[in-house]
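Have a look at the structure first, then read on.

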Amino acid sequence: MPEQRPDDTKGETPKGKRTIRPNPWQRMVNWLRAHHLTLMTLPDTPHSIALGSAIGMFFGFTPLFGMKTLLSILGAWLCKGNKIAAVITVTLHDLLLPFVPAMFLWQYKMGMWVLYGRLPQRPGFRHVALRDFMEWTTFLTVGRPLLVGSLFLALPAAVVVYFGLRGVLIRARQANAK
């Protein structure tokens, strides 16, 4: 019988056998599968679910930490989209967390180009201390270009999510109806 390390085990089962905990990649795949099934089985129209997901994806790209989920719920409510789909999608967007620094740098540069007609030689947020991010002056110097630049990723991603998920939902529901 192979020896199990304590950090690889989940615990004792009722029969006294030890179970092996899935690796992080497998846990992420299981989590994605569960949320995919949740989106597919929501009791709403394909348009409403896809719209809620698109709104969640849109707000997922914005640099509004702590407000993304609330804004996606509010946006889905105002547009008559599915609020649960919006929350699931804005949460799924957090899978891109390892790429956030590169995305923010690109968004900042695009925002500076749109707002001021120039690309910065060095990003302005390099000289900002973490405690300064809570001040309005920092929002005007760093946050505004970052927010404007986020539209370049948020809008296309939201359109792709809307049409892609809507098509998948329509096909799945037609297949289930047969």
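Let's start with Ile49: beyond four places away in sequence, Ile49 touches Leu39, Leu42, Asp44, Asn82, Ala85, Leu165, Leu169 and Arg173, where contact means heavy atoms within 4.5 Å. Bear in mind that this is a predicted model, where local features need pLDDT of at least 70, side-chain atom pairs count only at pLDDT 80 or more, and totals for chains, interfaces and linings use all residues. Residues are numbered from 1 along each chain as its sequence is written, and side-chain values use heavy atoms, with hydrogens and water left out.

**The core**
- Ile49, along with Leu39, Phe61 and Leu165, touches the most other members of the 31-residue largest nonpolar core (buried Ala, Val, Leu, Ile, Met, Phe, Trp, Tyr and Cys joined through side-chain atoms within 4.5 Å).
- H6 gives the most to this core, namely nine residues.

**H2 against H4**
- Helix H2 (46–60) packs on helix H4 (83–92) at an angle of about 35°, with axes 7 Å apart; helices here are DSSP runs (H or I) of at least four residues, numbered from the N terminus, and axes are lines fitted to C-alpha atoms over the stretch in contact, with angles from 0 to 180 degrees between N-to-C directions.
- On the H2 side, the meeting residues include Ile49, Gly52 and Gly56, and on the H4 side Ala85 and Thr89 are among them.

**Thr89**
- Thr89 sits in H4 and is buried, at 5% relative accessible area (buried means under 20%, with a 1.4 Å probe and protein chains only).
- Its neighbours beyond four places in sequence are Ser53, Gly56 and Met57.

Technical notes:
Helices (H or I, at least four residues) and strands (E, at least two) are DSSP runs, numbered from the N terminus. Buried means under 20% relative accessible area, exposed over 50%, partly exposed in between (1.4 Å probe, protein chains only).
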